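The following exercises concern side-chain packing in a single model. Work through each task before reading its solution.

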Amino acid sequence: MNNIMLIPFSPPRIDDKIIAEVSEALRSGWITTGPRTKKFEQKIAQYVNVPRVVCLNSGSAGLELALRWYGVQEGDEVIVPAYTYCATANVVVHCGVKPVMVDVREDFNIDVDQIKAAITDKTKAIIPVDIAGYPCDYDEINRIVNDPEMKSKFQAHTPEQKKLGRILVLSDAAHSIGAEYKQKKTGSLCDLTVFSFHAVKNLTTAEGGAICIALPEPFDTDEIYSELVTKSLHGQTKDALAKTKPGNWRYDVVEPGYKCNMTDILASIGLVELERYEQDMLVKRKEIFDSYSSVFSQYDLFEVPEYESENKKSSYHVYPLRIKGITEEQRDLLIQKIAEQGVGVNVHFIPLPMLTAYKSRGYRIEDFPVSYDLYSREISLPVYYDLTPEMINIVIQTILSLQGDIKDFLNKN
């Protein structure tokens, strides 16, 4: 077979409706933050049922801005799962703070029991990650940070920390817009939630992200929105849209901030995608998940992911199929064989302690056995809007054709 990838892993959905909306944004003259970005913020807030949303140029920027707003600083600690993309921990390091890693459960999400044991008087935040689009156990996490014993450990150093009086729960929901936990959308399940709209995400703006604000009283949500917008614009008190009002040119810079605002060109893509997200994109992705699970669940060699339960519903972002009993090296050989048959697959993710950036900081994968086990046997299958039933069948048959290889591996093991 030639080297052309017949079925790519995760191309974005770019159709005439998106192209038309982007063209209209270009013709409008607003190509930076403007009316479309503000409208997109409002639409997301309505969708997930939170008071305010700030749109940015990436989910990573959202996580870092949230941590800096809360005042985390050198000497503090932030708890993260060992099984996540590097961005979750990188933003913690950027703030000069130590990431404290804990293992995950069999559903790929952070092990809540290990969170409590990891909390010290230095802990300022917890960043649970909704891996593959499946929500974490937010009631359990919120219960931990509100426990009187945990609150008594908390040492507040900034006005924001004193006002909250406890550890901040900052959800990395890069995968999970549209997912539900106890009939509530992700975005509304904890203090602050960050979405990603990167090109491979369910809802894309090419690049982009958002912070959903759901902090409890006595926080002023409008005030926090303004603070986060200011931080995203070099600390400038007015954005380009505000300065268009006659005579409203004068501004101040109240802090040396960052440059990570979303543009109207990006927001125009998001507005189209959000309008058809619930009744179109999520429906299609669930059908793909169901197609995979209906077949692979019949075979003892495979473990299908959990993506629906009594209290949870995934956003169907990544389908992490696991092969029972194989090694990491054998998994890699299977991926090579799949690629040779023209099917694009991936792995989500290499655990943080296996990456040079974190190994060199003293983290050891041996301390996170569940994370390593899940990673070593995981193959992410294609899931995207334009994946046809015929293409899904090719993916399935390609995987099933490797059963002989898998059995040979198991006999050797």
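**Exercise 1. Determine which residues S371 touches, leaving out those up to four places away in sequence.**

Solution. With contact taken as heavy atoms within 4.5 Å, S371 touches A82, Y83, D103, V104 and P351. The model is predicted: local features need pLDDT of at least 70, side-chain atom pairs count only at pLDDT 80 or more, and totals for chains, interfaces and linings use all residues. Residues are numbered from 1 along each chain as its sequence is written, and side-chain values use heavy atoms, with hydrogens and water left out. S371 is found in helix α14; helices (H or I, at least four residues) and strands (E, at least two) are DSSP runs, numbered from the N terminus. Buried means under 20% relative accessible area, exposed over 50%, and partly exposed in between (1.4 Å probe, protein chains only). S371 has 0% relative accessibility and therefore counts as buried.

**Exercise 2. Classify the ring pair of Y83 and F108.**

Solution. A pair of aromatic rings is described by the distance of the centres and the angle of the planes. Rings of Phe, Tyr and Trp (its six-membered ring) pair if their centres lie within 6.5 Å; planes under 30 degrees apart count as stacked, over 60 as edge-to-face and the rest as tilted. The structure holds 17 aromatic pairs. For Y83 and F108 the centres are 5.5 Å apart and the planes stand at 75°, so the pair is edge-to-face. This pair links distant parts of the chain, 25 residues apart: Y83 lies in the loop between β2 (77–81) and α4 (87–94), and F108 in the loop between β3 (98–102) and α5 (112–118). Y83 and F108 are both buried.

**Exercise 3. Classify the pair of Y372 and Y375, and state whether each residue is buried or partly exposed.**

Solution. The ring centres of Y372 and Y375 are 6.0 Å apart with 55° between the planes, and the pair is tilted. Both residues lie in helix α14 (residues 369–376), three residues apart, about one turn of the helix. Y372 has a relative accessible area of 28% and is therefore partly exposed. Y375, at 5%, is buried.

**Exercise 4. Identify the ring over whose face R13 lies.**

Solution. A charge sits over a ring if NZ of Lys or CZ of Arg is within 6 Å of the ring centre and within 35 degrees of the ring normal. R13 lies over the face of Y385, 3.5 Å from the ring centre. K124 lies over the face of F154, at 5.6 Å from the ring centre.
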